[in-house]
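Please look first at the chain as a whole, and then follow the paragraphs below with the picture beside you.

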Amino acid sequence: HTVRRQSIKRGEPRQMPSLPHTAESTVREEHFSSRRKQLEDYLTKILKMPMYRNYHGTMEFIGVSQLSFIHDLGPKGMEGLVMKRSGGHRIPGLNCCGQGRMCYRWSKRWLVVKDSFLLYMKPDSGAISFVLLVDKEFSIKIGQKETETKYGLQIDNLSRSLILKCTSYRHAQWWRQGIDEFIRKHGKDFLTEHRFGSYAAVRENTLTKWPMLCLLATYTVFLPLYFPRLSPEIFMKRPVVEGNRWRLDCILKRKA
């Protein structure tokens with residue numbers, strides 16, 4: 001830390017911001033709003049200092065990640081470290097006690113909750129491992145009976161069942177309640193089926209009427225396909241010298 005402090009550029013803020021010294025119990029009710037503002041300013045100053053912002057302990061304590069401050073991703077939901085269960089792979093050379101029980105690999109992941117999807121990242125690199133979309137079958141269950149895991153949390157949608165392990169039943173209940181309340185407040189349009197079996201509601205006063213979803217390996221791309229005079233047979237790279245390789249429908253098929 002001494003070397004890192006000495007290597008900070010001169011133009012960057014170096015002094016640690018200070019918190020108010022007044023005890024919480026002595027703050028009057030009419031001063032609560034100003035107290036919240038002081039705390040917000042403190043956290044903002046901390047996050048402006050690269051040495052503290054990029055430290056994993058700071059991110060975990062405050063509950064933020066690289067995606068927290070990207071406005072275009074929608075409102076910020078819960079974030080935090082969880083243990084994610086593998087997709088049913090047995091660990092070679094390891095036997096579990098008990099009839100009908102399986103051994104799973106558990107890995108640390110940073111779970112991010114947004115209005116229309118959940119994703120988890122690798123904590124060290126920030127690489128997105130998987131995106132779980134909110135749809136009409138989205139549901140959350142907790143408990144060992146439902147998840148086959150002590151303090152387990154199971155999140156389902158039409159295509160995936162995600163099993164997470166928390167540190168306690170209270171921790172699992174905290175995640176379940178937080179995710180459920182956030183999705184029902186900000187992403188309720190995705191919880192029901194809409195016309196023509198679409199996952200998304202009709203949006204008025206927009207240029208794009210028919211969104212198509214293309215899932216890639218590490219990130220999600222929302223590609224609007226329905227524009228006047230735009231056809232799936234359009235070539236995205238011209239002149240055409242490689243057959244149909246760069247035709248729009250062929251690109252989507254290849255990516256999918």
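Lys 136 is partly exposed, with a relative accessible area of 40%, where "partly exposed" lies between buried (under 20% relative accessible area) and exposed (over 50%), computed with a 1.4 Å probe and protein chains only. The structure is a predicted model, in which local features need pLDDT of at least 70 and side-chain atom pairs count only at pLDDT 80 or more, while totals for chains, interfaces and linings use all residues. Residues are numbered from 1 along each chain as its sequence is written, and side-chain values use heavy atoms, with hydrogens and water left out.

Lys 136 has a partner, Glu 193, with which it forms a salt bridge whose closest N and O atoms are 2.4 Å apart; the term stands for a side-chain nitrogen of Lys or Arg within 4 Å of a carboxyl oxygen of Asp or Glu. Glu 193 is likewise partly exposed, at a relative accessible area of 46%. This pair links distant parts of the chain, since Glu 193 belongs to the loop between H6 and strand E8 (211–215), Lys 136 belongs to the loop between E4 and E5, and 57 residues separate them. The labels H and E refer to DSSP runs, namely helices (H or I, at least four residues) and strands (E, at least two), numbered from the N terminus.

By this salt-bridge rule the count comes to six. Among them is the one between Arg 245 and Glu 242, with 4.0 Å from N to O; Arg 245 is partly exposed at 37% relative accessibility, and Glu 242 is partly exposed at 44%. Another joins the side chains of Asp 249 and Arg 247 at 2.9 Å, N to O, and here Asp 249 counts as partly exposed at 25%.

Let us turn to the sheet. It is an open sheet of seven strands in the order E4-E3-E2-E1-E7-E6-E5, with antiparallel pairing, and two strands are said to pair if DSSP finds at least two bridges between them. Strands of a sheet pair through backbone hydrogen bonds, either parallel or antiparallel. At the edges of this sheet are strand E4 (128–133) and strand E5 (139–142), each of which pairs on one side only.

Strand E3 (residues 117–121) and E4 are antiparallel and share five bridges, and in this pair Met 121 stands opposite Ile 128 in E4. Helix H6 (residues 169–186) packs on the sheet and touches strand E1 (79–85), strand E2 (106–113), E3, E5 and strand E6 (152–156), while its direction makes about 165° with that of E5. Contact here means heavy atoms within 4.5 Å, and the axes are lines fitted to C-alpha atoms, for helices over the stretch in contact, with angles from 0 to 180 degrees between N-to-C directions.

E1 also pairs with strand E7 (residues 161–165), in the antiparallel sense over two bridges, and the bridge partner of Met 83 in E7 is Lys 165. Five bridges join E6 to E7, and these two strands form a hairpin with four residues between them; Ile 155 stands opposite Leu 162 in E7.

Leaving aside residues up to four places away in sequence, Gly 187 touches Asp 115, Val 134 and Phe 182.
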